[in-house]
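Subject: Structure handover

Hello,

Here is the structure you asked to look at. Please open it first and keep it beside you while you read the notes below.

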Amino acid sequence: MKLILSIALLLCLTLSAYAQEISDTSFGKGLINFTAKDSSFSIKFAPRFQVRSISSWDHDGSQYTSPEHNFIVRRARLKFDGFAYSPKLKYKIELGLSNRDLSGANQFNRNTPRYILDAVIMWQFADNWELWAGQTKLPGNIERVVSSANLQLIDRSLLNSRFNIDRDLGVQLRHTSKLGDNFLMREKLAISQGEGRNVSEGNEGGLQYTARVEFLPFGKFQSKGDYVQADLKREAKPKLMLGFTYNFNENAVRERSGLGNYMFKSDGSLYETNVSTIFADAMFKYKGFSFMGEYANRDADQPIAIDTDGLTPTGDVVLTGNALNLQAGYLFKSNYEIAARYTTVTYDAITGNLPTDQYTLGGSRYIVGHKLKVQTDLSYTTVSGNQDNITFRLGFDLHF
């Protein structure tokens, strides 16, 4: 932690020393936005944080219980990106400082805080071809790949929290094809370690393979808006992206593929099983209206973990099932937005989890786009139709 704070202090001092060179920057475009005079490298430093309050009421079968209130710093991050040596060799580093970002210490990361979110280089080695290497998000469901800084509601859906494939260490190959005057297709392939971010002690189980294809029949969105929620650019013409992802985690050792608890046997070894996850999603924008839809399905060869005797269940179970998430919003010219989301999750019977439905209604005021905004939402969640919860959230984002 002291090292990270020292780095941040050094960058602030650098900002002061180079005030003339970066005086043309503005809020939302980085606290530091510097390019070397010989154009041999660039760096953009953009800290951000999200603060929110949460009030939650559970229904006990006859009435709602007394509310629980919580105030948290949900995210606090330091983001660095730019290019090194050549504009064709880009990099991104993102560090997390909040408790939620750091949690997850275990024997496979030497029981240390997980500071690093992203540490990846991206090399454009030919026209329309990029090779990525390092730790970053896998090309999974669109909602997960959208930055948490660019969300339309306070946080992501239940579909994402249960079935996303998150970040991993490995390599990715990305390509863009032109199928017509405006019709684009993007292909993304990844081979990764299979156990999520910040694992430093070897590779348990097998590797993870991810393939994604995206179709943009009406051409590119403005400012990469297919991976930004809310139509802040107010697309003058309809824009649509359709995406399909297949993920195969060979001999996975965690309950949610590359996430969740490790599945241990009584002798300390890990239970392994093949896990596959598929996603189908869409993003549509037109004149302030936006729509996002997602479907997810996860399956496993042998989802019930078995102990060393080959017979006794250990109690660990791979979280299998499927989910549907539908979300839409409309941005008024005043930069106020209303948005609604419906999510339904159905688990396989072996998991012991009951089907869950969630309805969310939210409102946002974008002061400087997603860089400075205030958001609120109200969610009604029902488990198997008889266990209810109401949650109200209010928060703000500040992103230099």
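A salt bridge, as the term is used here, is a side-chain nitrogen of Lys or Arg within 4 Å of a carboxyl oxygen of Asp or Glu. You will need that for much of what follows. Please also keep in mind that this is a predicted model.

Salt bridges

Searching the whole structure turns up 19 salt bridges. One of them joins R74 to D155, with 3.3 Å between the closest N and O atoms. R74 belongs to strand β3 (residues 68-84), while D155 sits in the loop between α3 (142-145) and α4 (158-163), so this pair ties together parts that are 81 residues apart in sequence. Are these two residues buried or exposed? R74 is buried, and D155 is buried as well.

Another salt bridge is made by E130 and K90, whose closest N and O atoms are 3.5 Å apart. This pair also links distant parts of the chain: E130 is in strand β6 (residues 129-137) and K90 is in strand β4 (residues 86-96), 40 residues apart. The two ends have separate burial labels. E130 has a relative accessible area of 17%. Buried means under 20%, so E130 is buried. K90 has a relative accessible area of 32%, so K90 is partly exposed, since that label covers values between 20% and 50%.

In a further salt bridge, the side chains of R212 and D281 meet at 2.8 Å, N to O. Here too the pair links distant parts of the chain, with R212 in strand β9 (residues 208-216) and D281 in strand β13 (residues 273-286), 69 residues apart. R212 and D281 are both buried.

Salt bridges can also join into a network. Which residues are linked in this way? They are R48, R77, K92, E94, D101, D118 and R167.

The protein as a whole

The secondary structure comes to four helices and 21 strands. The radius of gyration is 22 Å, close to the 21 Å that the globule rule gives for 400 residues, so the protein is as compact as a globular protein of that length. Along the principal axes, the C-alpha atoms fill a box of roughly 70 × 50 × 50 Å.

Of the 400 residues, 46% are buried. Among contacts with a separation of 6 or more, 61% are between residues 24 or more positions apart. The protein exposes about 19100 Å², and carbon and sulfur atoms supply 59% of that area. As for charge, there are 45 positive and 42 negative side chains, and the centres of the two sets lie 10 Å apart.

Two residues with positive phi

Most residues other than glycine have a negative phi. Which residues are worth a look on that account? Y85 is not a glycine, yet its phi is positive, at about 75 degrees. Y85 lies in the loop between β3 and β4. With a relative accessibility of 73%, Y85 counts as exposed. Leaving out residues up to four places away in sequence, Y85 touches S39, S40 and F41. The C-alpha atoms of Y85 and I32, which are 53 residues apart along the chain, are separated by 19 Å.

K287 is also a residue other than glycine with a positive phi, in this case near 50 degrees. K287 is found in the loop between β13 and β14 (289-300).

A buried arginine in a loop

Where is R156? R156 lies in the loop between α3 and α4, which is also the loop that holds D155. The relative accessible area of R156 is 14%, so R156 is buried. Apart from neighbours within four places in sequence, R156 is in contact with R75, K137, E143, R144, V146, S147, S148, L151 and R341. One of these, E143, is 13 residues from R156 along the chain, and the C-alpha atoms of the two are separated by 7.0 Å.

Regards

Note on methods:
Residues numbered from 1 in each chain as written. Predicted model: local features only at pLDDT ≥ 70, side-chain atom pairs only at ≥ 80, totals over all residues. Heavy atoms only, no water. Buried < 20%, exposed > 50% of the residue type's maximum accessible area, 1.4 Å probe, protein only. Rg over C-alpha atoms; globule rule 2.2 N^0.38 Å. Contact = heavy atoms within 4.5 Å. Areas by Shrake-Rupley, 256 points an atom, 1.4 Å probe, with all protein chains shown as cover. Lys, Arg positive; Asp, Glu negative; His and termini not counted. Charge placed at Lys NZ, Arg CZ, Asp CG, Glu CD.
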